[in-house]
Structure formats: structure tokens, C-alpha cells
Amino acid sequence: QVQLVESGGGSVHPGGSLRLSCVVSGLNLDQYGMGWFRQAPGKEREEVSCITNYGNSRSYSDSVKGRFTISKDRVANTVYLEMNNLKPEDTAVYYCATGCKIGFATYWGRGTQVTVSS
């Protein structure tokens, strides 16, 4: 059974940092690119960042480039999203998924809430 479990969300002030984790079980991350996505209230889900199956290539949306870093631990079967200099517009539920495009992601986690406010 495939499971993706996100954690690490919370409430921070603008400029703060959080590190999200996505623990994956039931499949080998070496076979999947992994993505982080987010959905803010009243908005559509959007792609945030992606890392290829062996971790040799990463991509970011323009809104988070230079502030967020995606990584993966292939031994721990875990994907991370380091988020720095957080802004109120980063407030959303963050999801990890197997795949880098919303329409092609096969498995999804339940999400973790990130709230940035003063």
C-alpha cells in the first residue's frame, strides 16, 4: 500500500522558515520524480517544486525560486521542502505527490497546513 505522509507545517511570521517532510512508503523513490504542491483558500492547486527520481535535477515555481529548496533522502524514502523567507502569500496546504505535474501525479499525501502571518 502506497502512503505519503507530510509533516512540518505550522504558523510562522513573515520572514520565518519551515521544513516540510514527506515520508513515502510502499514504493521506491528512485523510480519517481516527486513534487510539492500547494493550495490556498479559494485558489486552485499549484505546482511548487519538483525533484527527479535520482535527485539530479530540481525545478521551482517563480514565486518560490530562491527561497525554497527541495531535496530527497533516498535511504529514508523522504522528500523535503526547506522554506525560507516565508511570505503571507505562501499560506496554503502543502501536498507532496509522486510526479511533478498535477495532472500526472499518481499518489498524493493528505497535506500539511502552512500559515504565514504577522
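How many salt bridges does the structure hold? There are seven, a salt bridge being a side-chain nitrogen of Lys or Arg within 4 Å of a carboxyl oxygen of Asp or Glu. This is a predicted model, in which local features need pLDDT of at least 70, side-chain atom pairs count only at pLDDT 80 or more, and totals for chains, interfaces and linings use all residues. Residues are numbered from 1 along each chain as its sequence is written, and side-chain values use heavy atoms, with hydrogens and water left out.

I begin with Asp 30 and Arg 74, whose closest N and O atoms are 2.6 Å apart. Asp 30 lies in the loop between β3 and β4, and Arg 74 in the loop between β7 and β8, 44 residues apart. Strands here are DSSP E runs of at least two residues, numbered from the N terminus. Arg 74 is partly exposed, at 42% relative accessible area; buried means under 20%, exposed over 50%, and partly exposed in between, with a 1.4 Å probe and protein chains only.

Next, Arg 38 pairs with Asp 90 at 2.9 Å, N to O. Is Arg 38 buried or exposed? Arg 38 is buried, at 5%, and Asp 90 is buried at 0%.

Finally, Glu 47 and Lys 101 form a salt bridge at 3.6 Å. Glu 47 belongs to strand β5 and Lys 101 to the loop between β9 and β10, so the pair ties together parts 54 residues apart in sequence.

How values were computed: Helices (H or I, at least four residues) and strands (E, at least two) are DSSP runs, numbered from the N terminus.
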